[in-house]
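Please find below a short note on one protein chain, written for a reader who is new to structural description.

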Amino acid sequence: MPGPLNLLTDIEGVTVGHATDLALGSGVTAVVFDKPAMASGTVLGGAPGGRETSLLDPSMTVETVDAFVLSGGSAFGLDAAGGVQSGLREIGRGFPVGDVRVPIVPQAILMDLLNGGDKNWGLHSPYRGMGYEAFKAATGGAFPLGTVGAGTGATTATVKGGLGSASAVTSSGHVVAALVATNALGSATVGDGPHFWAAPYEVDKEFGGQGLPFPTDTRLRIKGVRITATTIGVVVTDAVLTKAQAHRLSLAAHDGLARAIMPVHLPFDGDTVFSAATAEKEVKEARDLMEILHLAALVTSRAIARGVFEATALPVANAQPSWRDCFGSSVSK
């Protein structure tokens with residue numbers, strides 16, 4: 001069962017903000033925690049881009065983060081974390097080092113430089129400013145999906161990619177939720193039709209209620225060779241977890257990528273998932289942890305499909321059509 005919003009913000013103490021530039025064909029999404037959250041993450045794609053990802057290893061000293069950043073722009077987009085860091089510093093947040101506070105802001109980027117948007121930004125990229133804008137826009141409650149924030153310029157092998165989110169509640173009351181920008185080298189849909197690989201996990205027709213075709217078409221569909229892509233995301237729970245358990249949470253979410261995108265984790269993907277625990281609710285039984293991990297995979301799969309389902313084509317020449325452009329009339333009622 002999803003939370004009330006079926007979004008990452010169903011978790012108390014988590015806010016989300018976007019900066020979107022349709023002419024640029026790119027954007028930034030900031031996930032900001034009201035207080036430092038236990039965090040980890042895993043990179044399984046072969047061509048990743050990130051900032052502060054090494055500190056997320058369970059063996060590293062710093063255990064908590066103040067925010068995560070997902071951004072377009074490929075390596076240029078790594079400037080975005082600096083903008084979010086500036087916003088956090090403004091309000092006195094950060095890891096204490098003597099009398100200085102250093103905001104901890106890991107970031108992952110996706111490759112959206114070839115989608116037709118205007119990337120002629122001059123000497124300095126716009127991403128630092130967009131990061132600050134996304135931080136200032138971060139709020140609880142509902143937020144838009146699809147061609148927004150980090151999903152603005154996202155594409156897949158078949159239809160326009162986008163930013164999606166989904167949540168679930170465990171039998172013991174823990175909330176688990178994901179936010180994913182799907183910019184896959186592969187495809188979130190089956191063959192040339194409207195069906196999503198994530199269909200078995202769909203809740204309340206949240207991405208069209210198409211189900212799966214039989215037989216399924218598993219032939220290789222990718223954007224091309226040496227065209228980098230990358231699906232990046234965040235999975236969060238309100239449970240109390242150790243850093244090692246948070247790392248396991250990110251691995252479980254990667255299972256969700258593998259169930260919703262085919263193929264995934266390729267040499268030219270940079271697939272990265274960050275994970276966090278806000279420590280609002282104790283985990284009393286081993287089974288509770290198992291269910292959190294189980295649902296982490298499912299909400300990630302659902303978030304991927306929702307992002308593609310909600311996306312709209314960029315307003316540029318020869319833009320990749322969206323799922324709705326191709327199949328909108330086939331949405332199940």
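1. Basis. This is a predicted model, in which local features need pLDDT of at least 70 and side-chain atom pairs count only at pLDDT 80 or more, while totals for chains, interfaces and linings use all residues. Residues are numbered from 1 along each chain as its sequence is written, and side-chain values use heavy atoms, with hydrogens and water left out.

2. Overall fold. The protein chain contains five helices and eleven strands; these are DSSP runs (helices H or I, at least four residues; strands E, at least two), numbered from the N terminus. Its C-alpha atoms fill a box of roughly 55 × 55 × 35 Å along the principal axes.

3. Burial. Of the 333 residues in the protein chain, 58% are buried (under 20% relative accessible area with a 1.4 Å probe, protein chains only; exposed is over 50%, partly exposed in between).

4. Leu 249 touches residues including Val 235, Ser 275 and Ile 292, not counting residues up to four places away in sequence; contact means heavy atoms within 4.5 Å.

5. Strand E6. Val 102 is found in strand E6 and is partly exposed, with a relative accessible area of 33%.
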